[in-house]
Amino acid sequence: MESISPVFSSPLQKQYSPPWADLSIIGIAGSSGSGKTSVAMEIVKSLNLPWVVILVMDSFYKSLNHEQHTKAHMNEYDFDCPDALDFDVLVQTLQDLKKGKKVDIPIYSFAHHQRQPQTTPLYSPRVLILEGILALHDPRVLDLLDVKIFVEADMDVCLGRRIMRDVRERGRDIDGIIKQWFNYVKPSYRRYVEPQRLVSDIIIPRGIENKTAIDMVVKHIQRKLDEKSEKHSADLYKLVEIASGEQLSPKVQVMAATPQFIGMNTILQSPETEQVDFVFYFDRLACLLIEKALDCTSYIHTEVKTPQKNAYSGLNPAGVVSAVAILRGGSCLETALKRTIPDCITGRVLIQTNAKNEEPELHYLKLPVGIEEHGTVMLLDPQMASGGAALMAVRVLIDHGVEEHKIVFVTCAAGKAGLKRLSSVYPNMNVIVGRIEEDREPRWMEQKYFGC
C-alpha cells in the first residue's frame, strides 16, 4: 500500500494528486455463501470512514448470447468459472480508480442474465473492497490489491446460505439452485476458488464470527491510511514552499479597488454590521465578482435584428454556463449567481478539513449532468485560505471531464500563499478574487452570512 505523493514539481508546472488517487483496494475471495459480503460489511462498519465502497464482482458478469441465455434459465450455465466474468473491464475499472478517475460500474440483472444499459458512477473512494468468488484469481487484479483476504466456511453451510440468498434476492427455485451447486459451483470451487488461499495474505475461517481476524485487517488498513494522510498533508505544505517564490499568475484577477468596492468591504469587515446589512452588501459585492467571471467565459459572434430592423453584431455564450458551490460557504454566492444568471445550472461539492491532520476530505458530490460539455464552470467559495479545498475541488471537476481552461474559480477573499499554490498547479484556470487577505485567516464569512 505504497503512497503516491500528491505534489509533482517541474520547471513548468506543479501537479496535485488527491488522496483517492492512491486508492487502497482490499480483495475478498471465497466460496459462494462463505460470508464474504458479511466480512466486507463488517470491515466497512469498523473503519467508520466516509467513502468506503464495496464493489461486487457480480456486476462484471458477461452478457449472454441466446444459447447461453437458454442454458442459464435451465440452470445449465456455469457462472462460477472465470470465463463467465469480464476480467478485462474489471481490471480497467480498478486501474482507473487507482489513478483517481471516475468510473461507471456495470449493472447486471440476474433475472434476465444480461448487463443493463444503465451504469452506476463511482468516484474517489478512500478504500475499495472488491468482493467475489474469484477476487484473487486474475494476476492483473492481484497486482492492484493492497490486502488479499480469503474467507473459509463449511461447504454445507455455504449451500444453505446460497439457497436462502438466491430464493430471496434472485427469484430462483430450490431445485435449480441445488442442481447448479453440484454441477458447477462445487467443482469450480475445487478448481478455481480454493487455490486462491495460496495467494491470500489473510485467511478468515468462520467469516464474520472471526472478530480477531477482522479486527487485524481493520487495524492494518487504518494504519496505512494514517500514513498516507500524514504524507499527503506534508506534501501539501511542501507545495506552498515551492510556489511561494513565484509571482501570481496573470490568470488571477483581483477586483479593482474602486471607492465602491472598498466601501462595501469596509461594511463587511466591520464587527458592528448587522447580519441583514451584511447579507445585502455581500450579495452586491458577489454580483460584481460573478459579472467579472462572465468576462472569462467564451463567446461566439452572432447577429440580431433590433426593433428598428437594424443589424447588431453581438455575442452569445459559446456553451452552457454552470456553477459548483464548495459547501457550505459556496452557498453564500448562489443568491448573487441567480441574480446574475437566473437559469444557471448548479452543483455541490462538500469538502471539509480533518481537524486531526488538517487534510481536506471529500464528503459529498453532486455535479450537473453533462458538466464536461459545458462552456464555463464557475467554482464558488467565499473565502480561501491555504487553498487545499480549492485544489481538491478543481481536481474533482477535471476528473469529471471539465477542461481546466473552462473553470473559473470565484472567491471574495484569498490568502496570497493559497492563490500562488492554486494557480501554480492549475495555470490555465481563471481566478476571480475580491481581495487578498492575510494567509491562513480563519473562515468567517459564511458564519456571518447565515448567522450561525
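The structure is a predicted model, in which local features need pLDDT of at least 70, side-chain atom pairs count only at pLDDT 80 or more, and totals for chains, interfaces and linings use all residues. Residues are numbered from 1 along each chain as its sequence is written, and side-chain values use heavy atoms, with hydrogens and water left out.

In soluble globular proteins, nonpolar side chains tend to be buried together. A nonpolar core is taken here as a set of buried Ala, Val, Leu, Ile, Met, Phe, Trp, Tyr and Cys residues joined through side-chain atoms within 4.5 Å. Buried means under 20% relative accessible area, exposed means over 50%, and partly exposed lies in between (1.4 Å probe, protein chains only). The largest such core holds 38 residues, and M57, L90, L94, L128, L130, L134 and V141 have the most contacts inside it. Two or more residues come from each of β3 (24-30), β4 (52-56), α3 (87-98), β5 (103-109), β7 (127-131), α4 (139-142) and α6 (174-193). Helices (H or I, at least four residues) and strands (E, at least two) are DSSP runs, numbered from the N terminus. The top contributor is α3, with five residues.

Leaving aside neighbours within four places in sequence, L94 is in contact (heavy atoms within 4.5 Å) with I25, L55, L128, L130, V141 and L144. A second, separate core has 34 residues, including Y123, L239, V402 and L422.

Side chains of opposite charge can pair when their charged atoms come close. With a salt bridge defined as a side-chain nitrogen of Lys or Arg within 4 Å of a carboxyl oxygen of Asp or Glu, the count comes to 17. One of these joins R140 to D138, with the closest N and O atoms 2.9 Å apart. R140 is partly exposed at 38% relative accessible area, whereas D138 is buried at 9%. Together with D88, D138 and R140 are linked in a network of salt bridges.

Two further pairs are worth a look. K224 and E227 form a salt bridge at 3.8 Å, N to O; both lie in helix α7 (residues 211-244), three residues apart, or about one turn of the helix. K224 is partly exposed at 22%, and E227 is partly exposed at 42%. R339 and D283 meet in a salt bridge at 4.0 Å, N to O. R339 belongs to helix α10 (residues 334-340) and D283 to helix α9 (residues 275-294), so this pair ties together parts 56 residues apart in sequence. R339 is exposed at 56%, while D283 is buried at 3%.
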